[in-house]
Amino acid sequence: MMMINIAGLVLISLIIWWFWLYKPKEVEVSSTNDIKIVVNNGVYQPARIKIKAGQQTVIQFIRKDSSPCASMVLFPDVEITQELPFNGNKSVLLPPMKSGEYPFHCQMQMYKGILIVE
Ligand SMILES: [Cu+2]
């Protein structure tokens with residue numbers, strides 16, 4: 001009985017850690033071309049991307065996580081949904097955007113990133 005309780009506690013704290021406490025390492029990229037994001041271990045890396053307002057941007061996603069969670073990336077504000085091939089690269093073309101912050105994420109929002117347009 002004791003063991004089960006401990007296992008339950010560990011599980012609960014893991015869940016809390018994952019959803020509320022864990023912050024992906026924030027790496028900022030400011031660039032207009034050759035932006036690459038690696039999708040692995042539950043994080044986009046980098047997860048903060050600075051791009052220029054008013055011009056098209058191409059971001060290349062490199063997916064290394066085989067879980068179905070990683071198989072899609074969504075940019076809800078510009079209505080882009082892109083499937084990412086496992087162990088492959090996929091370029092996503094973003095239209096010119098106004099300055100602001102635009103989140104992007106997987107379909108379940110476990111992978112999270114933000115585009116900073118300025
Ligand atoms: Cu997901």
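Reader: Which residues form the nonpolar patch on the surface?
Author: In this predicted model, local features need pLDDT of at least 70 and side-chain atom pairs count only at pLDDT 80 or more, whereas totals for chains, interfaces and linings use all residues. Residues are numbered from 1 along each chain as its sequence is written, and side-chain values use heavy atoms, with hydrogens and water left out. A patch takes residues with over 30% relative accessible area and no salt bridge, joining nonpolar side chains (Val, Leu, Ile, Met, Phe, Trp, Tyr) within 5 Å and like charges within 9 Å. With about 640 Å² of accessible area together (Shrake-Rupley method, 1.4 Å probe, only the protein chains shown counting as cover for residues), the members are Met2, Met3, Ile6, Val10, Leu14 and Trp17.

Reader: Where does Trp17 lie, and is this residue buried, partly exposed or exposed?
Author: Trp17 has its place in helix H1, residues 2–21, where helices (H or I, at least four residues) and strands (E, at least two) are DSSP runs numbered from the N terminus. Buried means under 20% relative accessible area and exposed over 50%, with partly exposed in between (1.4 Å probe, protein chains only). Because its relative accessibility is 39%, Trp17 counts as partly exposed.

Reader: How many helices and strands does the protein chain have?
Author: Read from the N terminus on, the elements run α-β-β-β-β-β-β-β-β-β-β. Of the 118 residues of the chain, 33% count as buried. The secondary structure comes to 1 helix and 10 strands.

Reader: Which protein atoms are the donors of the copper ion?
Author: Donors are N, O and S atoms within 2.8 Å of the metal (3.2 Å for Na, K and Ca), and water is not among the atoms, so sites may look incomplete. The protein donors lie 2.0 to 2.2 Å from the copper ion and are Cys69 (SG) and Cys106 (SG).

Reader: How far apart in sequence are the parts tied together by Cys69 and Cys106?
Author: Both cysteines are buried, Cys69 with a relative accessible area of 10% and Cys106 with one of 0%. The two residues are the protein donors of the copper ion. Cys69 lies in the loop between S5 and strand S6 (72–75) and Cys106 in the loop between strand S9 (100–105) and strand S10 (112–117), so the pair ties together parts whose separation in sequence is 37 residues.

Reader: What is the phi of Glu79?
Author: S6 and strand S7 (residues 80–83) pair in the antiparallel sense over 4 bridges, with Leu74 standing opposite Thr81 in S7. Glu79 lies in the loop between S6 and S7, and at 73% relative accessibility this residue counts as exposed. Most residues other than glycine have a negative phi, and most peptide bonds are trans. Glu79 is not a glycine, yet its phi is positive, at about 55°.

Reader: Which two residues does a cis peptide bond join?
Author: The bond has an omega of about 0°. Pro46 lies in the loop between S3 and S4, and the residues joined are Gln45 and Pro46.

Reader: Which side chains meet in a salt bridge at 4.0 Å, N to O?
Author: A salt bridge is a side-chain nitrogen of Lys or Arg within 4 Å of a carboxyl oxygen of Asp or Glu, and a search of the whole structure finds 1. The pair ties together parts 68 residues apart in sequence, because Lys50 lies in strand S4 (residues 48–51) and Glu118 in the segment after S10. Lys50 is partly exposed at 24% relative accessible area, whereas Glu118 is exposed at 55%. The side chains that meet are those of Lys50 and Glu118.

Technical notes: Two strands pair if DSSP finds at least two bridges between them.
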